[in-house]
Amino acid sequence: MSRFLSSKFAALEPYTPGEQPKTQVLTKLNTNESPFPPMPEVIEAVSKAAELLQLYPDPDCTELRKVIARVYDVDTDEIICSNGSDETLYFAFMAYCDSGKPAVFPQLTYGFYPVFADITGISFREIPLKEDFSIDPADYYDAEGTIFIANPNAPTGVPLSRAQIEDILKHNPDNVVVIDEAYVDFGTESAVPLVKKYDNLLVIQTYSKARSMAGMRLGYGIGSKEIISDLNALRFSTNPYNIDRLAIAAGIASLENDEVNKAHCRTVMETREYTVRELKAFGFEMTDSTANFIFVRHPEVRGDVLFHKLRERGVIIRHWDKPELIDYNRITIGSKEQMDILLKEVREVLKEESK
Ligand code: PMP
């Protein structure tokens, strides 16, 4: 820290992203990326868009929002595009939380939420999960704050149904409810159809997971016109050209061929079921995940031990250095080939540890 940093940031504990290794040799199952490369139509659209990089991009992302609107059956002014969905989340923390409106979210959830709260200078209230890692909607009734729920939740992968989200919305008519659907496309019901009915709902989605574009940084929020206008006011006050030309082109091309993304998601879901079966046969316990990752523990091997041993063997999964998560790891569902490498190495580690 330099001696010039504002004292308001002195205690900031930044979000720690999962490791991005510098070599390709590792089996990378730690940051929930897609095992599929971007489709050829996306690559072609990006190279075409690159021919005009001397010009600023459209700050309204009009063409991209039109395609998103068509796919989700909403109006274009019910959509905001952002640099990754993290950016829309940040706008929502800035827009809807203050001293009288803390952020309210599950105790175990996306690690960025407390960081957003800290940098925005607002307090937050964490609500414990149930024993089985599920969220009880009743815990969020009359929340007296702005609610942030990842659905399915991360890192547990446990979903709420649309009816449960609606229950939370109905019991919070004066609070904004933000549903972070980063992992929705792997078997969870989306809350987008509720946007027309509830003016307190903001749904956030991303191209990073289901659409093989984590490297492009493209996300979007869907909510009432009024909510989107609030968020746009913050966007135009910070970074009006937050989506570059390449991302706009890639986003349009990807959604115009969305059946390919959907087929990829189905493959990931099948691979998830295969991995779950195999790991359970090794004695692993896990939540019923509807995400592109699983949250696992083994009764005989500590999570940090498994993490380090797999790392030595070239397989990276995600572990958190927190006492309450010491037993657990989160494993991204990659290709069947990647999962077979994982399973082979896990089997070796278990053999070693049982000696
Ligand atoms: N929400 C959740 C729950 C996530 O895990 C992530 C990915 N780290 C994000 C949002 C942000 O994703 P992106 O910014 O890549 O859209």
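## Contact between the domains

In this predicted model, 29 residues of domain 1 are in contact with 30 residues of domain 2, contact meaning heavy atoms within 4.5 Å. Domain 1 covers 7–36 + 259–354 and domain 2 covers 40–257, bounds that come from an automatic or database domain assignment; their C-alpha centres lie 24 Å apart.

Residues are numbered from 1 along each chain as its sequence is written. Local features need pLDDT of at least 70 and side-chain atom pairs count only at pLDDT 80 or more, whereas totals for chains, interfaces and linings use all residues, and side-chain values use heavy atoms, with hydrogens and water left out.

## Buried area

Between them, domain 1 and domain 2 bury about 2,300 Å², of which 63% is on carbon and sulfur atoms; buried area is the accessible area (1.4 Å probe) that two parts lose on being put together, summed over both. On the side of domain 1, the most area is lost to domain 2 by Tyr15, Asn261 and Thr290, which together account for 27% of what that side buries.

## Polar pairs and salt bridges

Across the interface, 10 residue pairs (both at pLDDT 80 or more) are in polar contact, defined as a pair of N or O atoms within 3.5 Å, where within protein one must be able to donate a hydrogen and the other to accept it, and residues adjacent in sequence count only if both atoms are side-chain atoms. The count of salt bridges between the domains (a side-chain nitrogen of Lys or Arg within 4 Å of a carboxyl oxygen of Asp or Glu) is 0.
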